[in-house]
Protein chains: 2
Amino acid sequence: MRAAVYRGPGEIAVEEVPKPEIEAPTDAIVRVTHTAICGSDLWFYRGESDREPGSRVGHEPMGVVEAVGDDVRSVEPGDRVLAPFVVSCGRCEFCRRGLHTSCVNGDSWSGDNGGAQGEYVRSPHADGTLVRVPDRYADDEDALESLLPLTDVMGTGHHAAVSAGVGAGDTCVVVGDGAVGLCAVLAARRLGAERVIAVGHHEDRLDVAEAFGATATVAERGEAAVERVRELTHGGSTHVMECVGAASAMETAIEVCRPGGTVGYVGVPHGVTDEGLDVYAMFGDNITLSGGVAPVRAYAEELMADVLGGTLDPAPVFTKTVDLDGVPDGYRAMDDREAIKVLVKP
Amino acid sequence: MRAAVYRGPGEIAVEEVPKPEIEAPTDAIVRVTHTAICGSDLWFYRGESDREPGSRVGHEPMGVVEAVGDDVRSVEPGDRVLAPFVVSCGRCEFCRRGLHTSCVNGDSWSGDNGGAQGEYVRSPHADGTLVRVPDRYADDEDALESLLPLTDVMGTGHHAAVSAGVGAGDTCVVVGDGAVGLCAVLAARRLGAERVIAVGHHEDRLDVAEAFGATATVAERGEAAVERVRELTHGGSTHVMECVGAASAMETAIEVCRPGGTVGYVGVPHGVTDEGLDVYAMFGDNITLSGGVAPVRAYAEELMADVLGGTLDPAPVFTKTVDLDGVPDGYRAMDDREAIKVLVKP
């Protein structure tokens with residue numbers, strides 16, 4: 001089979017690789033029909049995080065089940081499924097409390113499981129990991145493209161909103177206009193927020209934020225952005241979503257947070273470790289920092305219900321579509337910020 | 001009048017200073033009968049934080065109202081009162097939501113208001129700041145010594161427990177065996193915690209923790225302490241209280257927190273800014289960091305009800321009592337860890 005492989009900074013190749021096979025009775029093999037390139041893939045692409053050259057890439061698989069192990073009960077060959085960006089067993093303490101990202105049997109879409117930007121993946125713990133798309137929508141291309149973001153960015157944006165404590169009638173702020181930030185706007189509105197202020201640097205993305213329900217957008221940078229948000233919120237927002245994962249964005253998020261408020265953060269905190277987090281700023285005003293890597297598996301069913309019900313549609317985050325051979329160009333387009341997020345149809 | 005004055009690292013003097021007077025119609029003058037030396041006073045005493053030489057010190061006043069301004073309604077001369085470590089108006093947005101430490105009219109026990117380690121203080125915003133002790137207990141020395149910690153450490157320990165989300169039946173961990181940590185043990189038990197594990201370095205203080213209701217104590221340091229707590233909690237606690245305010249204690253608190261759990265922190269995060277906070281450790285396991293400077297005014301009434309009802313008694317944190325002339329010796333005793341907390345009767 002063919003799959004995208006990381007060859008070094010700036011280099012993604014599509015190569016012939018071994019097709020994964022059932023190894024454990026809880027495995028399933030999925031033929032990938034839809035997947036995506038993630039903002040977090042850009043860290044290794046840019047050489048800003050380590051990754052083994054030769055490793056397969058991609059972690060947002062959707063496809064059709066081709067084979068299942070003897071113990072798999074929830075899906076069968078022919079089912080259309082999607083899977084979160086991490087594998088989880090569905091049975092341990094953490095899965096049961098909705099924290100699938102801390103699953104004690106957790107695994108990733110890498111190594112022998114195959115990256116999701118390829119023709120096939122093996123899903124360990126298929127019953128815990130795979131989410132079946134109802135038959136009625138299994139071949140509905142529009143529905144599938146709207147469901148694909150549930151593998152990562154839509155669940156992650158939702159986690160930001162949940163972590164920030166967004167509820168009906170609230171005023172909230174989303175820092176970041178990437179795919180996750182845009183999904184956080186959708187999530188906040190879905191949770192009943194009355195005012196959603198989107199902070200970003202790109203006019204075209206802020207237009208999407210408005211289409212997604214942002215009631216105001218702030219395109220200023222640094223201190224000017226902070227001042228503008230404070231003005232719009234009369235002193236800061238009680239619910240702030242940090243959807244970038246960079247030290248500067250975290251700083252902005254804390255600065256626009258109202259005393260006693262909460263920053264929900266979901267971006268891999270890139271660079272924050274080097275500079276550290278200014279705890280003093282949070283301490284004095286009792287600002288809570290909540291969130292982390294999003295347990296998107298926990299949110300799949302409720303978000304899917306709304307997507308299929310027609311009240312939630314994150315598909316506009318995909319602004320470019322490629323086939324498997326187009327994956328290297330997809331990385332380039334995201335790196336150049338030419339595309340918000342790239343849909344891949346292997 | 002006479003008051004304790006900071007003269008430089010390691011130097012506290014008791015000197016003649018101007019007696020404060022009513023300046024605004026919302027002021028009250030309080031003759032201080034009881035006050036205390038705080039662990040946070042040791043930072044400037046040790047030269048580890050800046051303080052203007054010549055400034056009056058102390059921020060935990062209890063006493064008898066001597067005079068009130070024309071607009072003061074809640075207390076009158078002769079009333080026994082206590083006051084939190086910060087002044088708050090009681091009327092602004094933040095006071096009304098119980099975040100008195102972010103009061104927009106907030107003030108401190110310093111400058112012309114006088115430090116609390118002196119014969120008199122002026123309380124600005126007396127209606128918002130002063131808490132009246134019911135007449136029945138106004139001259140009950142035992143009750144007064146049990147109420148005095150409500151000015152700071154008992155409210156702060158309670159804030160740690162509230163911030164960590166401690167509730168009935170929970171297993172929780174308190175990092176720190178100073179006065180605040182010991183009060184956090186009391187607070188956690190009061191909130192219904194079933195198991196309270198106290199982590200500290202001093203056998204005598206851990207004995208107090210046990211007397212306060214800790215169900216286990218851990219005297220190991222560093223990684224050994226983390227291992228022991230993980231063993232006792234089968235993998236970490238969902239509710240951790242950081243009651244030291246040092247980088248190493250914060251690190252321990254995060255390490256003993258169970259995935260998906262919350263660290264409630266109330267210690268001034270001394271040294272954490274230099275080293276930064278390791279956000280990665282929190283990110284991967286969705287550990288929430290909540291808390292900050294404790295709005296003890298918000299908790300005064302409920303804690304007072306329990307103290308006067310006989311179900312809460314933090315007085316054992318006072319292990320040494322001095323008069324005003326003994327304040328310098330009190331600082332020395334706390335600096336030498338000879339006393340947990342010093343009670344001052346001016």
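Predicted model: local features only at pLDDT ≥ 70, side-chain atom pairs only at ≥ 80, totals over all residues.
Helix α7 of chain A spans residues 203–211, and its buried residues are Arg205(A), Leu206(A), Val208(A) and Ala209(A). Viewed down the axis of α7(A), these buried residues fall within an arc of 150 degrees and therefore line one face of the helix. An α-helix has 3.6 residues a turn, so residues three or four places apart point the same way. On the face of α7(A) turned away from the buried side lie the exposed residues Glu203(A), Asp204(A) and Ala211(A). Just after α7(A), a positive phi of about 115 degrees is adopted by Gly213(A).

Contact between the chains involves 29 residues of chain A and 29 residues of chain B. On the side of chain A that touches chain B, the elements giving two or more residues are β14 (257–265), α10 (272–275), α11 (279–284) and β15 (288–291) of chain A. The largest share of this side, five residues, is supplied by α11(A). By class, the side of chain A that touches chain B comprises 14 nonpolar, eleven polar and four charged residues. Because 100% of the interface residues of chain A are also interface residues in chain B, the copies meet through the same surface.

How values were computed. Residues numbered from 1 in each chain as written. Chains lettered and ligands numbered in written order. Buried ≥ 20, exposed ≤ 12 C-beta atoms within 10 Å, placed from the backbone. Helix = DSSP H or I, 4+ residues; strand = E, 2+ residues; numbered from the N terminus. Arc of directions from axis to C-beta. Contact = placed C-beta atoms within 7 Å. Nonpolar A, V, L, I, M, F, W, Y, C, P; charged D, E, K, R; others polar.
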